[in-house]
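Dear colleague,

I am handing over a structure that you have not worked with before, and I would be glad if you kept it open while you read. My notes on what was found in it follow below.

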Amino acid sequence: MKKMNMILAAVLMLGVLFYLGPPLALGAEGKVLRIALDAADISDLHPHYSHTTQDRGVVHLIFNGLVRYRTGDISKFEPDLAESWEVSEDGLTWTFHLRRGVMVHPWKANPGYELTSEDVVYSFQSAADPARSGCAGEYAGMAFEAPDKYTVRVTLQKPLSETLFLPKVTDYMGGLVIPKKPREELGEAFRTHPVGTGPFIFKKYLPKEKVVTVRNEKFYRGVPKLAGVEVFFMADMSSRKFGLQSKELDVIEGPPSQPWVEEMQALPGVAVDVFGPGEAGVLYFNVTKKPFDDTRVRRAIGYALSRDEVATAIGKAIADPICSEIPPPQPGFLTRAEVELRGRQEGKDYLYDFDRKKARKLLADAGFPEGFTTEFYMTERGEYAVPMQNVVAQLRECGINAKLIVVDHPTYHHNIRADMNTIVLYNCWRASADMKLTHMYLSDSIVVTGKKPISNFTHLGKVDADGDGKVDSIDYLIKAAREMLDAQGQRALWQEAQFKLLDWCVSYPLFIKRFTFARQKYVDWGYDLKSTLILSPQINELTTITK
Amino acid sequence: MIAYTIRRVLIAIPTLLIVLTITFVLVRVAPGDPAEVRLGDYATKESVEALRKEMGLDKSMWVQYLETLRGLLRGDFGRSMLNGRPISAEIKRSLPYTLELTLMGILFGAVFGIPTGVYTALKRNTLSDYIGRTLSLGGLSFPTFYLGILLMLTFSIKIAIFPVVGGGDIHNLADNLYHLALPGLTLGLIMTAYVTRMARSSVLNTLNEDYVRTARAKGLTERKVIYKHLLRNSLLAITALIGVYAIVLIGGSVMVEIVFSRPGLGKMMIGALKQRDYTTLQAVMVIFASLVVLINLITDLTYGLIDPRVRYK
């Protein structure tokens, strides 16, 4: 009898598990979109601190900027919270006219209110304050005022072109408007309870699991088609894939890997999005360290490497070789034809196309006929490790023995900023050519010793890059381009700066790598996804589930 | 027994203090800065310095250490350096997911491992014994994450009965058990392998004892010999080893939580480690260490229940 009871209890327990299970999973097949990102958790949902893909993926659902990048195509600007804007003739004053009837989301017991210029000014002042923002440097020297309820005026110390100014007020980091009242009322809690004006309203945050949002019925562009969006944090790639296969998830973030793209494309009912803008992978040589102080050694490395091979190692569907620091389609990028033509005109070779004979000859000329050994830190993350392993293998063919000291990602970032590497591989995308060149080459940005150290790993601006005994710099070109209001002239200066870099070979542009996401085919973004600044697909009022 | 328990708890305090101190020093010695990680590439030096000050990282290590200790004495783990949330609240939410997973693993291991171990010992050098030993060796050799992925592939994709994503609603028993089934099975199978091997070994040792031979000689049925004499005496060693392996299981739960996206302490620890969230990492390590101490204590106290000869002094 006892035995029978035990068997009965076991059968009942299993029954509960099996019977109650499937309906709970099926419940997720409604109109709530479930997207899983490659992360253990959020970092910060305050938009002015949100610099990780997982944070931006959430923040972008909730906040807006005065201007926005066209959804799915960042090459164009569109009005958003501002209906229109104009700039004064001297280029110093930008005036934005706000859209009326934009409602701030309700929070706690507060029903929400209409967004006004007071909120916008508060938000920009906060973005410009180093104690309240992670991007304060972008707003240094700017003054913000509200002449009336629906007008915002921004005054600059020096004029800026549209190409350089508008990104500061778009829907990206400091440009995302945080409403004053909820920010002040919620205080620290705002970082995990964001309140904005976007298509989706923050509902709850379950640490290490997900953020839940619901649609904003009062959204000024119309009621979103989705009932809500749930953003999951799943650091394990296999789990995300299984979640997609079991239809518990609608969209998943992928690694930059060709086999993964092909595997996903082979799954029934699954589509893969590969989109930009992409991160440019560039090798930066530390010119203060031997033997990289010798231009011939740096050029030898350029000739020793096949960019095509590195791009193929990452994946043909994902990466393309590049030959300029500024990647396409950003204003200021150089095409291969332009680089080739300029080289021919000047009797130089700016392409450094793969040629091992030339590489060996340059090494011999520099006093390294048998090559040399160098050692540097490398992160364990695949998007760095895969191309770097290929680079190391190619260098070895020319006698250069590059030893990698593999560390975790935060340690890598710490060490390269502590000037501990001879060669740095850095994958990044920056909002403008000015920002990229400033961060990577301005003398003030030199790591450790610069006035405002950022990521000038080459030490350009304090070193002799061409071997003529004088210090070389592109500071004057960066600064001249920054002050240039004519777009064409500005582009020409950025291109000129890059020809200098190619001539000195202080860095070696390798590849542009796009982002990969897989989705159920029933997910319709509602727009053509070419590029997005948040580095994950934008989910907006047009996005829908079509089944 | 009460005095013994109190004494053991008091002895645990220096252990926890050592764990805290080692973790405190190690995370700060490791390269990487929570302020840099939190602010990212766009941050100015002033922003990083301002945040370091806000996080209290501008103070000397000693001051930080004393402040951490003072907080712990008040039962306050402080706030996450990453998102400013109180760590106690995060632990309160995460701990049940880790505890239920570990308990499920132990339970599964005990329920299936002990009978299998006893059976294979009694059938020593027969086909059943060989099969049992091979399977348990296989279980010991399987990496936790790989077993988890295999189970997921089988029971979530091929036969779609269990979920892949999340830990379920902790306040909804059915949903919770539904999400616990596969991760629990993953740890449970590993634990079963451990328990089977040690139960077999323990029973084999006991089989050669004089009192077993005497019991058989005086004409007791084999059933009585096994249940009254053999099993009871073998259980002491089995219990001790279950305690040891439960501690191993807590380590294994970290990988299982990552693979099954369960919002437990393991996932919390990995996230904190990657983002150099010093305060959270310290707190999680102290909790893990406390769990180890607690399991040891429970194991010791269980001896008395199984073996009346054990006295607590």
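**A serine in a loop of chain A**

The side chain of A:Ser133 has a polar atom that lies 3.3 Å from the backbone nitrogen of A:Ala136, a polar contact being a pair of N or O atoms within 3.5 Å, where within protein one must be able to donate a hydrogen and the other to accept it, and where residues adjacent in sequence count only if both atoms are side-chain atoms. A:Ser133 itself sits in the loop between helix H3 (117-127) and strand E6 (143-148) of chain A; helices (H or I, at least four residues) and strands (E, at least two) are DSSP runs, numbered from the N terminus. With a relative accessibility of 0%, A:Ser133 counts as buried, a word that stands for under 20% relative accessible area, with exposed for over 50% and partly exposed in between (1.4 Å probe, protein chains only). If its neighbours within four places in sequence are left aside, A:Ser133 is in contact (heavy atoms within 4.5 Å) with A:His48, A:Tyr49, A:Ser126, A:Ala127 and B:Ser47.

Before going on, please note that this is a predicted model, in which local features need pLDDT of at least 70 and side-chain atom pairs count only at pLDDT 80 or more, while totals for chains, interfaces and linings use all residues. Residues are numbered from 1 along each chain as its sequence is written, chains are lettered from A and ligands numbered from 1 in the order in which they are written, and side-chain values use heavy atoms, with hydrogens and water left out.

**Helix packing**

Helix H7 (residues 144-158) of chain B packs against H10(B) at an angle of about 35°, with the axes 9 Å apart; the axes are lines fitted to C-alpha atoms, for helices over the stretch in contact, and angles run from 0 to 180 degrees between N-to-C directions. In this pair, B:Thr144, B:Phe145, B:Gly148, B:Ile149 and B:Met152 of H7(B) meet B:Gly252, B:Met255, B:Val256 and B:Val259 of H10(B).

H7(B) also meets a helix of the other chain, H6 (residues 237-245) of chain A, where the axes come within 10 Å and cross at roughly 5°. H6(A) and H7(B) are therefore roughly parallel to each other, a term for angles under 35 degrees, with over 145 counted as roughly antiparallel, 65 to 115 as roughly perpendicular and the rest as oblique. Here A:Ser238, A:Ser239, A:Phe242 and A:Gln245 in H6(A) meet B:Ile149, B:Met152, B:Leu153 and B:Ile157 in H7(B).

B:Ile258 belongs to helix H10 (residues 222-259) of chain B and is buried, at a relative accessible area of 13%. Apart from its neighbours within four places in sequence, B:Ile258 is in contact with A:Asp236, A:Ser239, B:Lys267 and B:Ile270.

**Backbone features in chain A**

Which peptide bonds are cis? One runs from A:Gly276 to A:Pro277, with omega near 10°, and another from A:Pro328 to A:Pro329, with omega near 5°. A:Pro277 is found in strand E12 (residues 270-285), whereas A:Pro329 lies in the loop between strand E13 (319-321) and helix H10 (336-346) of chain A.

Although it is not a glycine, A:Met173 has a positive phi of about 45°; A:Met173 is in the loop between helix H4 (162-165) and helix H5 (180-186) of chain A, and counts as buried at 4% relative accessibility. A:Leu535, also not a glycine, has a positive phi of about 65° and counts as buried at 11% relative accessibility.
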